[in-house]
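Dear colleague,

I am handing over a structure that you have not worked with before. Please look through the sequence and the model below, and then read the notes that follow.

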Amino acid sequence: MSTSKKSGLWTKPYILLSVTNFFAWLSYNMITPVLTGYMGTLGASVSICGITGGLFAFTSLFSRPVSGVLADTKNRKHLMAGFTILMTVSLLIYSVIPSVPVILLFRGLHGVAFGISSTASLVLVSESAPEERMGEAISYYGLMSVASMAIGPSLGIWLSAQAGYQACMLVGTLMLAIASVASVLFPYIRPTQRILEKDSPNADPGKGFCLPPIAEKSLIGLSGINASFTMMNGVVSTFLVVFAAERGIGNVQMHFTVNAIVLLVTRIALAKKLNEWSLGQNLYPAFICGVATLLMIGNAWSFGILVLAGCTKAIAQGMSQPALQTEALRSVPPEKRGLASSTMYIGGDLGQAVGPILGGVVAEQAGYGTMYLLSAIPIAAAWVYFVLRERKLKGVC
């Protein structure tokens with residue numbers, strides 16, 4: 001694997017992975033809140049803006065089944081570095097060409113590249129950290145995306161207001177270029193035990209050609225829970241700026257800043273607890289906070305409510321995602337961690353993609369407030385599913 005695992009967590013490989021993750025997410029968080037506004041200036045309708053907001057996650061979703069297979073059979077460092085570079089090139093193209101079709105095309109390609117790169121990266125994190133500290137490693141790794149949220153949306157909104165949308169997107173491209181350099185510098189020796197089944201000496205030649213699995217069946221339910229939380233994140237990040245403007249609420253960027261700060265504190269405070277707590281101990285508070293967030297935003301008419309919603313949303317995110325990822329990677333053997341990683345990301349991408357698309361349709365028909373209220377339903381449904389799952393695992397009728 002990348003290097004021999006030591007008791008220490010902050011090794012050179014782990015730091016480079018974290019740097020790559022930070023700048024990739026900084027670029028994403030700068031661009032996403034302003035992209036719908038930019039599309040509006042180019043004449044796109046509200047529905048098209050919603051599609052644009054969800055397109056990245058939608059195409060990333062379709063790349064996940066392939067990314068899991070690739071991460072379990074190919075050089076993970078090459079996957080991470082090559083597709084991070086492709087992300088950079090894609091963003092550069094739709095930054096300099098002010099055309100709705102071009103933006104849609106290369107935003108979609110950007111999502112495909114992100115799907116493959118991030119799947120390989122998460123598995124590399126599990127390889128670069130001591131096994132007994134995997135939960136902590138995943139949580140701190142996720143802190144890089146959280147830290148980017150603390151400055152990304154505000155920086156993107158400020159840059160677009162001061163220098164224009166295209167200037168903001170070009171700065172986002174520069175952030176991805178830095179991530180590309182860090183990914184190229186990552187030291188990695190490919191494990192020899194990860195080989196294709198058809199090349200294995202134990203493979204049955206009589207079986208013939210068969211397609212590899214596209215998801216880990218045992219993790220589909222947990223992946224669906226992940227989808228409910230990312231759907232919340234998708235509708236908030238895509239529409240909150242225009243929702244606040246419609247209701248006359250100013251300084252909306254503070255929602256994103258407060259959300260990121262609380263999320264940062266939550267992950268730092270709970271990182272080591274991920275090695276000790278059960279999945280339920282993390283998810284039940286997350287469900288409560290997720291539902292509360294969407295109900296508050298849907299009924300919000302003041303700046304204070306949006307700030308409070310940023311706090312509860314942070315707790316929901318900070319307690320759910322790292323716990324679900326850790327549970328997934330721990331529940332499968334090392335040679336299937338690529339598939340486990342992609343399965344969890346499939347749920348995450350599905351929610352992030354479907355949320356803005358359905359949200360745009362609902363908002364166009366019933367308004368943004370109703371859209372946010374209805375967005376609480378998937379989290380409530382995931383909550384019910386998890387309760388039933390826990391009862392089944394405990395043998396309670």
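Predicted model: local features only at pLDDT ≥ 70, side-chain atom pairs only at ≥ 80, totals over all residues.

The cavity

The search for cavities of 30 Å³ or more gave a count of 1. The space in the largest cavity comes to about 770 Å³. Its lining is made up of 44 residues. Those that lie nearest the centre of the cavity are Trp25, Phe114, Ser145, Asn233 and Gln321. Sorted by class, the lining has 22 polar, 18 nonpolar and 4 charged residues. Helix α1 provides the largest share of this lining, with 8 residues.

Helices α1 and α5

Helix α1 covers residues 12-41, and helix α5 covers residues 134-163. The two pack at an angle of about 35°, and their axes are 7 Å apart. The crossing of α1 past α5 is right-handed. By class, the contact between α1 and α5 has 19 nonpolar residues, 9 polar residues and 1 charged residue.

Leucine 143 belongs to helix α5. Its relative accessibility is 6%, and leucine 143 therefore counts as buried, the limit being under 20%. Leaving aside residues up to four places away in sequence, leucine 143 touches Leu264, Arg267 and Ile268. As a point of reference for distance, leucine 143 and alanine 177 are 34 residues apart in sequence, and their C-alpha atoms are 20 Å apart in space.

Two further buried residues

Valine 100 is in helix α4, which runs over residues 100-128. Is valine 100 buried or exposed? Valine 100 counts as buried because its relative accessibility is 18%, and the class takes in values under 20%. Apart from residues up to four places away in sequence, the residues that valine 100 touches are Met39, Leu42, Ala44 and Ile48. From C-alpha to C-alpha, valine 100 is 9.7 Å from tyrosine 38, although the two are 62 residues apart in sequence.

Serine 341 is part of helix α11, residues 337-366. With a relative accessible area of 1%, serine 341 is buried. Which residues does serine 341 touch, not counting residues up to four places away in sequence? They are Thr119, Leu122, Val123 and Leu329.

Two exposed residues

Asparagine 251 sits in the loop between α7 (220-246) and α8 (253-270). Its relative accessibility of 52% is the reason why asparagine 251 counts as exposed, as that class requires a value over 50%. The phi angle of asparagine 251 is near 55°, which is a positive value in a residue other than glycine. Most residues other than glycine have a negative phi.

Leucine 388 is located in helix α13, which spans residues 376-393. At 54% relative accessibility, leucine 388 also counts as exposed. Leucine 388 and glutamine 253 are 135 residues apart along the chain, and 38 Å separates their C-alpha atoms.

The contact of α1 with α5 can then be viewed with its 19 nonpolar residues in mind.

With kind regards

Key
Residues numbered from 1 in each chain as written. Heavy atoms only, no water. Helix = DSSP H or I, 4+ residues; strand = E, 2+ residues; numbered from the N terminus. Buried < 20%, exposed > 50% of the residue type's maximum accessible area, 1.4 Å probe, protein only. Contact = heavy atoms within 4.5 Å. Axes fitted to C-alpha atoms, helices over the stretch in contact; angles between N-to-C directions. Left-handed = near helix turned anticlockwise from the far one by under 90°. Nonpolar A, V, L, I, M, F, W, Y, C, P; charged D, E, K, R; others polar. 1 Å grid on protein atoms, 1.4 Å probe; cavity = no way out; pocket = protein on both sides within 12 Å on 5 of 7 lines; lining within 4 Å. Points joined across faces, edges and corners; volume = space filled by probe spheres on them.
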